[in-house]
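Open the model in your viewer and keep the selection panel at hand. The stops below say what to select next and what is there.

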Amino acid sequence: MTNWLPDIQQGHGPLYARIADQIEQAIGEGALPVGAKLPPQRNLAYDIGVTIGTIGRAYNIVRERGLVSGEVGRGTYVLDHQESRPPEQADPLTTSLAGTRPLIAPAGKLRFDSTAAPDIGQGFVLSELLSEISRDHHADIASYARNFPDHWFEAGCQWLARGGFRPSPETIVPTLGAHAAVIAVIAAVTSPGDRIAFETLTYSQVSRSAGLIGRRTTLMESDEFGLIPEDFERVCAQQHPKLAFLMPSAQNPTVAVMPLARRQAIADIARKYGVWLVEDDLYGAMTGDPTPPLAELAPERTFLVGGLSKSVAAGVRGGWVACPPHFSQRIRIAHKMVSGGLPFILAELCSRLVLSGAATILRGKGIEEIRAREAIAREVFDGIEFSSHPCVPFLWMKLPEPWLSGTFKQAALQEGVLVDDEDEFKAGRADRVFHRIRIGFSSPADRAEVRNGFQTLRRLLDSGRVGYDSFD
C-alpha cells in the first residue's frame, strides 16, 4: 500500500474534485504506479482531515475516469490499461457544474436519483398522438415552429391553472420544459452580475445554470414550511437580488408546502424590494395543494412555470410559463435565444395531451402509482425520519448516526443503488449540514423493484458503524 497523500490546498473546484485530479496527476507522474493500492478511504480521510464522503467521491471520480478499480473488502488499485479511460476527462469546472451526480450514470444500478414520471403505459398514448400529428401536419413537423397557434397557449392556461387561478392566454409562453423556461426568465429580466436568490436547498441545476450565464447566487434560509420571510427580507435589504427562485408547493428536495400567510408575506416583500419571483410548480401541481400560488398573490412580478416531464411522461420535456402582463414577448424571445427554439412536434404533442384530457388521465395514473410506492417507503423505512407526500415521487430522509450524506451515497452505490446526497441540492456554498439524502422512486420498472431497493437501503441504514467502516 502506498503512503502517498494529496495536498488539499492545491487546485480549484470542490475538494473531492481536487483530490481526484491529484490522484490522476500522481498516476501520470508515476508517484502512484500501476498496481499500487490507494490508501483506504477512512485512513486517507483521517490523514488529511476531511470526511470519508469526500474521499469516496474522489475515488468514484477516478474510477469513472478508468484510472483505478475497486472492490469492497479488497481495496482500490491503479489500473494498467489506457483504453478503459474515457476519451475526454472532466475538468474541475465541468465537475462543479454537474453537481454531485456522475456525468454518465453507471450502468446496472437502481435509479433512485430521478423523479421523472413513472412508466404507466404512456407510450401507447404518445404513439397515437404522434401518428395523428404526423398525418395532420406532415409539412410542419419537418420544419421550424414558425407559427404559434392559439391552442398552444390555451393548453398552457389549462395546465398552469390552480384552484381559482387561471392565467390568460396572452401571458403564456410554450417552452422546452420547465428548466428552459426558468433560464429564459432569468436571462430576460436580469443581467450578468445580478444576484439570484435561492433557498439553500433547492433544485440546484437552476443556480448552476444561472452561474454559467454570469449571474451570482445568494442563499436564503428555510424551515419545514419553506422559505422564511424574515430571511428573504434580510437578503433583499442586504444583497439586493433581482430575482428569487421558489418552489412553494412540494419543494424539491424537502417536500415543504408553504402556508398562505407565508406566501402572502413573500409576495409583499418581493413587491417592497422590486424582486421578480419564479414559481416552479412542477411537483406542486401533482399534490392538489389548494393554497393560492404566488402568481395569484403577486401577478405583476411572478413567473409561474410548469411542465409534463415529472407528472405525465419523462420524455416529453415540454412546458409553459405564465408571465406578468406585457412580458410574454420578451420571455418568448429569450427562450428562443437560450434554447434554440421550440420544435413544432413537441409543442403540438404537449398541447394535444392537455387539451384532449390525456395529460390529466396520465397524471392521475402516475400519482396512483406514486401513492403505492410512497406507502411502501413508509412500511420499509418505519422508524426512520423522513419527509414525503403521497403524490410526490421522492422522499427527504434524515440519516441516523453515524452516517454522513456523501458516505451513505457512496455505500449505496456499492450496493447497486443510486441516491442523491444533500450537496446535490445546495444552491451555493453553505456551512449548514443536514445529514440527509433524497430518494426518488419513480424510475424503477415496478413496485417489486422499488421494494427491493428500499430494503437494500434499509439494511445499510441499520448497519450503522459496521456499514460505515466497510467501504474502502
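This is a predicted model: local features need pLDDT of at least 70, side-chain atom pairs count only at pLDDT 80 or more; totals for chains, interfaces and linings use all residues.

**Start at helix α8**

Now step back to helix α8 itself, residues 205-212. Its buried residues are Val 206, Ser 207, Arg 208 and Ala 210.

**Two histidines with positive phi**

Go to His 240. Its phi is near 55°, a positive value in a residue other than glycine. His 240 sits in the loop between α9 (229-239) and β9. Is His 240 buried or exposed? His 240 counts as exposed because its relative accessibility is 55%, and the cut-off for exposed is over 50%.

Next, select His 435. Here too phi is near 55°, again positive in a residue that is not glycine. Look for His 435 in the loop between β16 (420-421) and β17. With a relative accessible area of 29%, His 435 is partly exposed.

**Two cis peptide bonds**

Select Asn 252 and Pro 253. The peptide bond between them is cis, with omega near 20°. Pro 253 belongs to the loop that runs between β9 (243-246) and α10 (260-273).

Then select Glu 401 and Pro 402. Their peptide bond is cis as well, with omega near 0°. Pro 402 is in the loop between β14 (394-398) and α16 (405-414).

**Ser 442**

Move to the loop between β17 (436-440) and α17 (447-469), and pick Ser 442. Ser 442 counts as buried because its relative accessibility is 2%. What does Ser 442 contact beyond its neighbours within four places in sequence? Show Ser 114, Thr 115, Ala 116, Pro 118, Arg 373 and Pro 393. Then zoom in on Ala 116: its backbone oxygen is 2.5 Å from a polar atom of the Ser 442 side chain.

**The nonpolar cores**

Select Phe 303, Phe 381, Ile 439 and Phe 454. These have the most contacts inside the largest nonpolar core, which has 63 residues. Helix α7 (residues 177-189) supplies the largest share of this core, nine residues. Nonpolar side chains tend to be buried together in soluble globular proteins.

Stay on Phe 303 and show what it touches, leaving out residues up to four places away in sequence. Its partners include Val 185, Val 189, Trp 276, Val 321, Phe 327 and Ile 331. For a second, separate core of 31 residues, select Leu 126, Ala 145, Val 312 and Phe 344, which are among its members.

**Helix α6**

Now colour α6. Trp 152, Phe 153, Ala 155, Gly 156, Cys 157, Trp 159 and Leu 160 are buried here. Which elements do the buried residues of α6 pack against? Show β4 (172-175), β11, β12 (319-322), α13 (328-339), α14 (344-355) and α15 (358-380).

**Last stop: the largest cavity**

The whole structure holds three cavities of 30 Å³ or more. About 50 Å³ of space lies in the largest. Select its lining: Trp 159, Leu 160, Asp 281, Leu 282, Ala 285, Val 305, Gly 306 and Gly 307. The elements that give two or more residues to this lining are α6 (150-160) and β11 (302-307). β11 gives the most, with three residues. Colour the lining by class to finish: five residues are nonpolar, two polar and one charged.

Technical notes: Residues are numbered from 1 along each chain as its sequence is written. Side-chain values use heavy atoms; hydrogens and water are left out. Helices (H or I, at least four residues) and strands (E, at least two) are DSSP runs, numbered from the N terminus. Buried means under 20% relative accessible area, exposed over 50%, partly exposed in between (1.4 Å probe, protein chains only). Contact means heavy atoms within 4.5 Å. A polar contact is a pair of N or O atoms within 3.5 Å; within protein, one must be able to donate a hydrogen and the other to accept it, and residues adjacent in sequence count only if both atoms are side-chain atoms. On a 1 Å grid over the protein atoms alone, a cavity is a set of points where a 1.4 Å probe fits but cannot get out, and a pocket is an open set with protein on both sides within 12 Å along at least five of seven lines; lining residues have an atom within 4 Å of a point. Grid points are joined across faces, edges and corners, and a volume is the space filled by probe spheres set on the points. Ala, Val, Leu, Ile, Met, Phe, Trp, Tyr, Cys and Pro count as nonpolar, Asp, Glu, Lys and Arg as charged, and the others, Gly among them, as polar. A nonpolar core is a set of buried Ala, Val, Leu, Ile, Met, Phe, Trp, Tyr and Cys residues joined through side-chain atoms within 4.5 Å.
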